[in-house]
Amino acid sequence: MAFLEIENLRKSFGQVAVVQHFDLAIQRGEFVSFLGPSGCGKTTTLRMVAGFEQPTSGAIRINDKDVTGLRPNQRNVGMVFQSYAVFPNMTVADTVGFGLKVAKRPTAEIRPRVEEMLKLIKLPTHAGRYPYQLSGGQQQRVALARALAVKPQVLLLDEPLSALDAKIRISLREEIRSVQRSLGITTIYVTHDQEEALSMSDRIVVMNEGRVEQIGTPFEIYNFPRTRFVASFVGTLNILRGRVVDPATGRIAIDGQEVVAGRGLADAKAGDIRSVALRPEAVTLQDQSADRNKLNGTIEEVSFLGSIVRIRVRFKESAISLDTFNNPGSAPPERGQAATVSFAREDLLALEGAEPS
Amino acid sequence: MKRAKLGPWLAIVFGMLYFVIPLIGTFEFSLRVRRGEYSFDAYRTVLTDPRFQSSFLYSTVLALATIVVGVLLVVPTAYWIQLRLPKLRPIVEFITLMPLVIPAIVLVFGYLRIYNSSSLLPLTGSEWSTNLLLTCSYVTLALPYMYRAVDTGLRAIDVRSLTEAAESLGAGWPTILFKVIFPNVRVAVLSGAFLTFAIVIGEFTMASLLDRPAFGPYLQLMGANRAYEPSALAIIAFVITWACMGLIQLLGRGPAAAAGKR
C-alpha cells in the first residue's frame with residue numbers, strides 16, 4: 001500500500017481541463033518531482049494535494065486516509081512556496097515555531113524543536129533576525145524549517161529555488177535533498193528545471209498539457225524517454241526523421257543512409273516516417289567499430305565551450321550535435337571537414353507514433 | 001544645472017509659505033486677547049473650559065470606537081476581496097466612495113427617518129444608542145479613507161502566499177487574520193486610523209443634528225460667540241493633528257515597516 005495515492009485526479013476551470021487522469025502512488029520517504037513546462041498542470045496538482053485547490057474528480061489518500069475533502073489546515077502537509085512566504089512581522093524563531101504555537105504545543109517543546117530546526121538548516125545564530133535581514137536563500141531555508149517543524153506527513157515544494165541565483169540553487173537543492181533523506185519524509189517537488197529533477201529525485205513525473213507523459217527514475221526518463229515530448233524536454237536531444245526500411249530488424253534510413261535502431265520500431269510498417277532520438281553524448285567521431293551505426297556528413301559548426309567541444313554535423317536535411325571532451329593534445333575539427341559519426345544501435349531510440357511523410 | 005535646481009526649491013518655498021502664513025496669522029491673532037501685548041489667555045480660556053475637555057474627550061472616545069469598528073469591518077473585507085473575490089473590487093470601491101458623494105446632512109436625515117423614536121429600531125431614543133448611531137455614521141464617513149489605506153497596505157504584501165503558508169501550518173481564519181495579516185498591514189491601518197481620527201474630531205453636521213456633545217459643535221459654538229478663542233482652538237487642533245502624525249510615524253516603525261525599505 002503506497003503512502004500517498006493520487007487516483008484519477010482531474011481539475012477543470014470551466015471548460016478548460018488543466019489536469020487530466022493523474023494517477024500516482026508514492027511510497028513513504030520517496031522524493032518525487034513533477035517536471036514540465038509552465039502551464040502543464042504540475043503546480044495545480046501539487047496544490048490539490050495540499051488542499052488549496054479542490055479536484056473536479058478523483059481522490060487523494062495519505063497514509064490510507066482520504067484527504068480529498070479536507071481543508072489544508074486539516075491535512076498535516078508542509079508546504080514551501082516559490083515566493084518563500086515567510087512572515088515579515090516575525091523573527092526566524094517565531095516563524096519556525098508558528099505551526100507549533102498554532103497546535104498549542106507547550107513552550108518547553110517549541111523552543112528545543114525550533115533550535116533543532118535552525119541547526120538542521122544551518123542558521124542556529126539567526127533566531128532573532130527578521131526576514132528583511134536575510135538573503136533569499138536564507139529565507140527559503142527558514143521556510144523549509146517552518147514546514148518541517150510540525151513534522152508533516154508529506155512535504156510539498158512548489159518551485160522553491162526558482163527565485164534564487166544559479167549558485168545558491170545548486171547548494172540549496174543539495175541541502176534540501178540531504179534534509180529530506182535524513183528525515184525520511186515523503187516529498188513532492190515541483191520544478192521546470194530538469195537538472196533539479198534529475199539530480200534530486202527518486203522518481204520523476206513528466207507532465208505536459210495537463211497529462212502525465214512518463215513516470216520513472218531519472219535514469220529511465222533520461223535514457224528511455226517514451227514520447228517525443230519527454231525526449232526533447234529532458235536533456236538535450238538530437239531528433240532525426242527517417243523512413244522505416246525493415247521494422248523486424250530495426251533498420252531505418254536517415255537522409256538515405258541506413259542505420260539500425262535498438263528498439264521501438266516493432267510496431268512500425270515499412271515506409272513509415274518515424275522520429276528517432278539520439279543523445280549528444282552517445283555520438284562520437286572516434287569509434288568506427290563495425291557493429292556501430294555510421295552516418296557520413298560535413299562538419300557545420302564547432303563550438304569550444306571550455307571542457308566541452310560541441311560539434312554539429314550536417315547530413316542532407318538533418319543534423320546531429322555531439323559533445324566531446326576538450327583534448328589539448330589535438331585540435332578540434334574544422335568547419336567544412338568531412339566527418340563520419342558513429343553511435344551504438346541501442347542509443348538510437350524510435351519515438352512513439354508514425355508521422356506524416 | 002543651477003537654474004534647474006532653483007525651480008523646485010522655489011515651488012517648495014511658495015508651497016510652504018502658502019500653508020505656513022495663514023497658520024502664523026492665526027497663531028498671532030490668538031495671542032492678541034490683551035490689548036497691546038501678546039499672551040496665551042485665549043489658550044488658557046479654552047483649555048480650562050470644561051466644555052472643551054468634555055467635548056474633546058467625547059469625540060476622542062468616539063474616534064477610537066470608530067477606528068476599532070472600521071478596522072474590524074474593513075480589514076477582513078479588503079482581505080477577502082483581495083484573496084477570493086477580486087472581481088468584486090470595483091463594486092466595493094464604488095460603495096466606499098459613496099460617502100464622499102452623499103452629503104453628511106443627507107445621511108443624518110436618513111438616519112433620523114429610519115431610527116427615530118417611532119420606528120422599528122428607535123436608536124435615537126436614548127443616549128447610548130444615539131452614540132452608537134453616531135459611531136456608525138462616522139465609520140461610514142471614514143470608509144473611503146480607511147478602505148483605501150488598508151487596500152494599499154494589502155497590495156504591498158503577498159496575501160495569498162502568506163495565507164496559504166499559515167493555513168498549511170494548521171492556522172484557521174482568526175489566527176491568519178490576527179497573527180499574520182493585521183500585523184503586516186499595521187502601518188496602513190494606522191494611516192487609516194489617523195485619517196479617521198481627523199475626520200471624527202472635526203465633524204459637525206452629524207454630531208449637531210443628532211444633538212451629541214462632540215468637538216465639532218463645540219468648535220462652531222466658540223466660533224459664533226468668541227473672537228480669539230476660535231483661533232486658539234484652530235492652533236490646538238493643528239498641534240493635535242501633527243502629534244497624531246508623529247505618533248503614527250513612531251509606531252509605524254518596526255520590522256514590517258523596515259521591510260518596505262529593502
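At what angle do the axes of helix 5 and helix 6 of chain B cross, and within what distance do they come? They cross at roughly 145 degrees and come within 11 Å. This is a predicted model, where local features need pLDDT of at least 70, side-chain atom pairs count only at pLDDT 80 or more, and totals for chains, interfaces and linings use all residues. Residues are numbered from 1 along each chain as its sequence is written, while chains are lettered from A and ligands numbered from 1 in the order in which they are written.

**Two helices in chain B**
- Helix 5 covers residues 104-115 and helix 6 covers residues 127-155 of chain B (helices are DSSP runs of H or I with at least four residues, strands are E runs of at least two, both numbered from the N terminus).
- Axes are lines fitted to C-alpha atoms, for helices over the stretch in contact, with angles from 0 to 180 degrees between N-to-C directions.
- On the helix 5 side, the contact is made by B:A104, B:L107, B:V108, B:Y111 and B:Y115 (contact puts C-beta atoms, placed from the backbone, within 7 Å).
- Helix 6 of chain B brings B:L133, B:S137, B:T140 and B:L141.

**A sheet in chain A**
- Four strands make an open, antiparallel sheet in the order 17-16-15-18 (strands pair if DSSP finds at least two bridges between them).
- Strand 17 (319-325) and strand 18 (338-343) of chain A are the edges, each pairing on one side only.
- Seven bridges link strand 16 (residues 308-314) to strand 17 of chain A.

**Where the chains touch**
- Chain A gives 22 residues to the contact and chain B gives 21.
- Strand 6 (77-80) and helix 2 (92-102) of chain A each give two or more residues to the side touching chain B.

Key:
Two residues are in contact if their C-beta atoms, placed from the backbone, lie within 7 Å.
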